[in-house]
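Student: I am new to this structure and would like to learn how to read it. Please take me through some features, one at a time.

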Amino acid sequence: MTEPLLDSPQASGTAPPAARDFRALMSTFPTGVAVVTTVGPDGRPWGMTCSSVTSITTDPPTLLVSLRHGSPTLTALQQCSAFAVNLLHQHGRPAAELFSSGAPDRFDQVAWRGGNGLGGPHLVDDAHAVADCRVDQTVSVGDHMVVFGEVFRIERHQPAAPRPLLYGLRQYRSWSAADPSEGDSQ
């Protein structure tokens with residue numbers, strides 16, 4: 001059994017950090033950028049930029065995404081029980097910004113493909129790879145819904161080794177080519 005640390009919030013009665021302080025902390029942790037897409041029951045595509053993407057297990061292959069409660073993308077995803085995680089490449093920044101803007105016509109401004117049993121629309125010009133997922137389970141945490149998706153298909157859109165789009169310190173960047181002498185750490 002683990003006991004709380006003496007200086008833990010539970011032990012000291014300290015209030016949790018303010019949301020702005022937590023956002024500032026997490027901005028120092030660079031992450032990949034994805035657009036989570038789905039299709040509503042009426043066939044309308046939905047999507048939003050998401051940096052909260054994590055691989056959970058390889059057997060079965062499962063991803064975790066975290067989407068804000070009240071998001072129309074989350075509502076459509078829950079209704080159809082499927083979604084796609086579009087991993088953006090270095091030239092995908094305009095798509096990342098568009099899908100975080102809330103613009104109602106975002107799918108009119110990007111090239112995408114859907115249908116054929118896909119989990120959600122594929123952003124064919126902006127994503128280097130897409131994972132189509134079936135919703136396995138969801139967990140409500142604070143103002144977000146954590147969605148576990150079992151991957152049923154992976155599609156690569158870029159034949160060459162892509163440079164992924166990254167976000168950190170409130171800036172977009174791409175992965176730089178590694179120096180061959182900087183191989184695996186020991």
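Tutor: First, the ground rules. This is a predicted model, in which local features need pLDDT of at least 70, side-chain atom pairs count only at pLDDT 80 or more, and totals for chains, interfaces and linings use all residues. Residues are numbered from 1 along each chain as its sequence is written, and side-chain values use heavy atoms, with hydrogens and water left out.

Student: How many salt bridges are there by the rule used here?

Tutor: Side chains of opposite charge can pair when their charged atoms come close. The rule asks for a side-chain nitrogen of Lys or Arg within 4 Å of a carboxyl oxygen of Asp or Glu. By this rule the count is three.

Student: Which residue forms a salt bridge with Glu97?

Tutor: Arg93 does, and the closest N and O atoms are 2.7 Å apart. Both residues belong to helix α4 (residues 93-101), and because they are four residues apart, about one helical turn separates them. Helices here are DSSP runs of H or I with at least four residues, strands are runs of E with at least two, and both are numbered from the N terminus.

Student: Where in the chain are Arg113 and Glu155?

Tutor: These two side chains meet in a salt bridge of 2.2 Å, N to O. The pair links distant parts of the chain, with Arg113 in the loop between α4 and β7 (127-141) and Glu155 in strand β8 (residues 144-156), 42 residues apart.

Student: What about Arg153 and Asp132?

Tutor: They form a salt bridge whose closest N and O atoms are 3.2 Å apart. Arg153 lies in strand β8 and Asp132 in strand β7, so the pair ties together parts that are 21 residues apart in sequence.

Student: Is Asp132 buried or exposed?

Tutor: Buried means under 20% relative accessible area, exposed means over 50%, and partly exposed is in between (1.4 Å probe, protein chains only). Asp132 has 0% relative accessibility, so Asp132 counts as buried.

Student: How do strands β2 and β3 run?

Tutor: Two strands pair if DSSP finds at least two bridges between them. Six bridges join β2 (residues 34-39) to β3, and the strands run antiparallel. Val36 stands opposite Met48 in β3. The hairpin of β2 and β3 has five residues between the strands, and Gly43 there takes a positive phi near 90 degrees. In β3 (residues 45-50), five of the six residues are buried.

Student: Which residues does Ser66 touch?

Tutor: Contact means heavy atoms within 4.5 Å. Leaving out residues up to four places away in sequence, Ser66 touches Cys50, Ser52, His144, Met145 and Val146. Ser66 is found in strand β5 and is buried, with a relative accessible area of 17%.

Student: Where is Met26 placed?

Tutor: Met26 is in helix α2 (residues 19-27) and is partly exposed, with a relative accessible area of 39%.
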